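The following paragraphs guide a new reader through one protein model. Please keep the sequence and the structure in view while reading.

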Amino acid sequence: MGIVAGLDSSSGFTRIVVCDTETGAVLRQGYAPHPVEPKATEVDPQAWLLSLGEAASGGLLEGVQAIGVSAQQHGLVPLDRQGNLVRPALVGNDKRAQVAAADLIEAFGGRQAWAEAVGSVPQAAQPVAKLRWLARTEPEAASQVAMVLQPHDWLVWQLLGRPVRRTTDRGAASGTGYWSAGTGAYRPDLVELALGHQAALPEVLGPADAAGMTPEGLLISAGTGETMAAALGLGLGTGDAVVSLGASGSVMAVHHEALADPRGMITAFADAAGMHLPVVYTSNAVRALRGTAEMLGLDGLEELSALALKSTPGASGLVLLPYLEGERTPQLPHTAGTLSGLRRESMKPEHLARAAFEGMLCSLADAMDVLRARGVEVRRIFLLGAAAELPAVQAAAPAIFGAQVVVPQPADYAALGAARQAAWALGVSQGVLSPQTPPAWQGAAAQVFEPGEELAVGRAVRQQYGATRDQLHPEAFGS
């Protein structure tokens, strides 16, 4: 029996799982917070190493043969010619590059030009926008940048003893804004457009490639971003989609090709297994539920869920368009939310509660339809986030999405995906696994919900929602 480890260096902590290479069974686990301020936008990367060391203490990695690294996406680690840090790393939650992103969109000829070039339109979080911000606000620091890494790239490089060769993987590279999942190649001209000069970029490894061996003889796999690692940890395949319920929302699915969307609504990520992960984002998800709970004077989402279940599908004609922070899908950045269908009989707390859940889910179903319209097959939907455990979500989601809904048991899926990648690279190096197929680990324990006889009801709820959306925003989806 072999043993591998997967580590996930998220924005606030490091989690490590040690797994059996054959089954994926978790043998040991480690955890440590990052020694950084909450919501920090600039971080000394050494904090990630300190957290890693603490999480791995007590002999956690004893007997481990290979390690996979997952890390927060969209971070920027700028290095000089000697490999030293030019300034603290800029992490994904840094929104200061919003103006820089808009500047880049205009400088390169608009949203369609970007979507065709790299499969995404610049957002503040992406490294390409951060480079533009650096060039505009800290030109002296920008002039020293000779190599650009992301957090997972930097951690792999550190684990390997800072070799001359620096690597990344296609999953992490696809989030930079200067690597195309469609062509599998960098766009150095976009780095120069953003930074003002060329900079070295890490070599992009294949899914089962090894980044190298540590001085102690441990194999380090290619590693990847958290989203791609979680998809690998969940065991996603063709026909699977993931709906993530955070304050904002996202829908991603496994697909056989990169999708360039001229409107820029689809972000063309690559996955960690040789396929693609087109993603559509919404600006509003659980924030609509929390806002409704506050409006109704409820203590939390559990109370809102219980109240919603006292209503019926369609919420007595009440429709909530949950565009509270503007919206990305559809592209309505300056709009506001709308409550429609107010009649004497619908003006009850339970109907508003129900409308909030249905509005959130219908908005995410709209995002899913953007993918389906481009030929993405969706047979099974994984629902992630704490709100996925709410009975009102589980009751309404299968019918509204029109597919089987899977709510996985909470687990460290990004760390598990990193461990699975490590087992894959180890197996390929030993000649016992194919570079085309990751190890067949046991899938996530989960609750499964079928639309069943409620499918027609779900269609009616979506029709009611869609009619309201199209009446108020007739150009939302080009209708």
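In which helix do aspartate 369 and arginine 372 both lie, and how many residues apart are they? Both residues belong to helix 12, and they are three residues apart, about one turn of the helix. Helices here are DSSP runs of H or I with at least four residues, strands are runs of E with at least two, and both are numbered from the N terminus. The model is a predicted one, in which local features need pLDDT of at least 70, side-chain atom pairs count only at pLDDT 80 or more, and totals for chains, interfaces and linings use all residues. Residues are numbered from 1 along each chain as its sequence is written, and side-chain values use heavy atoms, with hydrogens and water left out.

The side chains of aspartate 369 and arginine 372 form a salt bridge, with an N to O distance of 3.9 Å. The term salt bridge denotes a side-chain nitrogen of Lys or Arg within 4 Å of a carboxyl oxygen of Asp or Glu. Aspartate 369 is partly exposed at 30% relative accessibility, and arginine 372 is partly exposed at 27%. In these terms, buried means under 20% relative accessible area, exposed means over 50%, and partly exposed lies in between, for a 1.4 Å probe and protein chains only.

Aspartate 369 also meets the side chain of arginine 462 in a salt bridge of 2.9 Å, N to O. This pair links distant parts of the chain, since arginine 462 is in helix 15 (residues 455-472) and aspartate 369 is in helix 12, 93 residues apart. Arginine 462 counts as buried, because its relative accessibility is 19%. Beyond these pairs, a network of salt bridges links Asp366, Asp369, Arg372, Arg462, Arg469 and Asp470.

The whole structure contains 19 salt bridges. Another of them joins the side chains of arginine 96 and glutamate 42 at 2.8 Å, N to O. Here too, distant parts of the chain are linked: arginine 96 is in the loop between strand 7 (89-90) and helix 2 (98-107), while glutamate 42 is in strand 4 (residues 42-43), 54 residues away. Arginine 96 is partly exposed at 36% relative accessibility, as is glutamate 42 at 31%.

The account now turns to helix 6. Helix 6 (residues 151-159) is mostly covered, with eight of its nine residues buried. The buried residues are Pro151, His152, Asp153, Trp154, Leu155, Val156, Trp157 and Gln158. After helix 6 comes glycine 161, whose phi is positive, near 85 degrees.

A cavity is a set of points on a 1 Å grid over the protein atoms alone where a 1.4 Å probe fits but cannot get out; a pocket is an open set with protein on both sides within 12 Å along at least five of seven lines, and lining residues have an atom within 4 Å of a point. Three cavities of 30 Å³ or more are found in the whole structure. Of its 13 lining residues, Gln72, Gln73, Gln150, Ala172 and Gly225 are the closest to its centre. The lining comprises four nonpolar, nine polar and no charged residues. In this division, Ala, Val, Leu, Ile, Met, Phe, Trp, Tyr, Cys and Pro count as nonpolar, Asp, Glu, Lys and Arg as charged, and the others, Gly among them, as polar.

The second largest pocket holds about 390 Å³ of space. Its lining has 19 residues, with Gly24, Leu416, Gln442, Gly443 and Ala444 nearest its centre. Helix 9 (226-234) and helix 14 (413-429) are the elements that give two or more residues to this lining. By class, the lining has eleven nonpolar, seven polar and one charged residue. Glycine 417 has its place in helix 14, and glycine 417 counts as buried because its relative accessibility is 1%.

Methionine 347 is in the loop between strand 21 (338-340) and helix 12 (349-372). Methionine 347 counts as exposed because its relative accessible area is 52%.

Definitions and conventions
Grid points are joined across faces, edges and corners, and a volume is the space filled by probe spheres set on the points.
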